[in-house]
Amino acid sequence: MQADSTAADPALRYFVHGLRVASSIALPDLAGAAGDNGEGADVEISEGGVPASLGNNASAGAYWQADAARFLFEAPGIARYLIADGRTIRFQPCAGHPRDDHAIRVYMLGTALGVLLHQRGLFALHASGVATPSGAWLFTGHSGAGKSTLVAWLHRRFGWPILSDDVTVIDAANGAVHARGGIPRLRLWRDALSALAVPEDGLVRDLVRFDKFQMPSGPMIDGAMPLRGLVLLESVDDTQSALARLRGHDALATVMGSVYRHEFAEAWRKPGSLFLDSARIAASIAVLRFSRPRSLADYDHHLEPLIAALEAGASDTQPVGTKTATTA
């Protein structure tokens, strides 16, 4: 999709994923990213009428519909969202339900913004990241694998700035691979807060139905920085943690498997481009797999092989299959 700007003068301005955003509603999750010189925005967010259907020719799932230029989905009891042309997000709160602006923003900055990134042809990974002295490192894995927990731990332990949480946009042009700054907050489960000794007082629940909380992370990374590596996180029923370097097909499969909402990514890209971009990225960075015991007990100790790799930049001399056992 084209990256033409769209005018939205009477609006609040934000900057995220390398995009200038104009919104008719406040987005406090992006407070650390606010600041715009008043020029036209890349993305406009507004409240207004949203159709219940995109017509008979649209593809559809349980709560979504899509055609060549638009994506419509509903968060039941919260709002319907229409994302169009990689430029606009319009939402309409669900009638007959109490308005919940916090829940509206959760889906706005999650599914809605993620789909818009795909509509623009951007390469978005389901990954959280930090900015280390050697460059950006991203962490991916299934829900509950500990992406945000690890990023929070690295931020608190080493002071490394948080690059993004949950979704990270990757630029891979002219042989260089960079990661863009994302939303400046982390979402952590209660057990992660406890393991990190972070008090719940003053934290906002991510959604009232989930035992998850938002932890502000301070100013976001403005712009992009070189990407050094992607780490696939796994929590296992074991007493040891293990680190391995992935190459070839395994590295490619990890990158492709980490694409945010993969089922929607292909819809707005040229045929084969997702595979080619994934292969280019996998060949340009270190791709690792790190598994640790499911329990957060002795978390610091189990992270030792991963920390060593990050501090070394995961060079080709990094041992493969490094393990550390649980201390008695």
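Predicted model: local features only at pLDDT ≥ 70, side-chain atom pairs only at ≥ 80, totals over all residues.

First, confidence: pLDDT is the predictor's confidence in each residue, from 0 to 100.

Residues are numbered from 1 along each chain as its sequence is written, and side-chain values use heavy atoms, with hydrogens and water left out.

**Entry 1, confidence.** I read a mean pLDDT of 85 for the protein, with 87% of its residues at 70 or more. Residues 1-10 have pLDDT below 50, yet this stretch has 26 contacts in the model beyond near neighbours in sequence. Residues 316-320 stay under 50 as well. For these I found ten contacts beyond four places in sequence.

Buried means under 20% relative accessible area, exposed over 50%, and partly exposed in between (1.4 Å probe, protein chains only). The largest core has 36 residues, and F71, Y81, I83 and I89 touch the most other members. Elements that each supply at least two residues include β6 (70-75), β7 (79-84), β8 (88-93) and α1 (101-119). Helix α1 gives the most, with nine residues. Helices (H or I, at least four residues) and strands (E, at least two) are DSSP runs, numbered from the N terminus.

I then listed the partners of I89, leaving aside neighbours within four places in sequence. Among them are I45, Y81, I83, M108 and L116. A second, separate core holds 33 residues, including L150, A152, L196 and V231.

Q119 sits in helix α1. Is Q119 buried or exposed? Q119 is buried, at a relative accessible area of 0%. I checked polar contacts (N or O atoms within 3.5 Å; within protein, one able to donate a hydrogen and the other to accept it; residues adjacent in sequence count only if both atoms are side-chain atoms). A polar side-chain atom of Q119 lies 3.2 Å from the backbone oxygen of I83. The Q119 side chain also reaches the backbone nitrogen of G86 at 2.8 Å.

Q65 lies in strand β5 (residues 64-66). Q65 counts as buried because its relative accessibility is 17%. Its side chain has a polar atom 3.4 Å from the backbone oxygen of A52, and one 2.9 Å from the backbone nitrogen of L54.

Note on methods:
Core = buried A, V, L, I, M, F, W, Y, C linked by side-chain atoms within 4.5 Å. Contact = heavy atoms within 4.5 Å.
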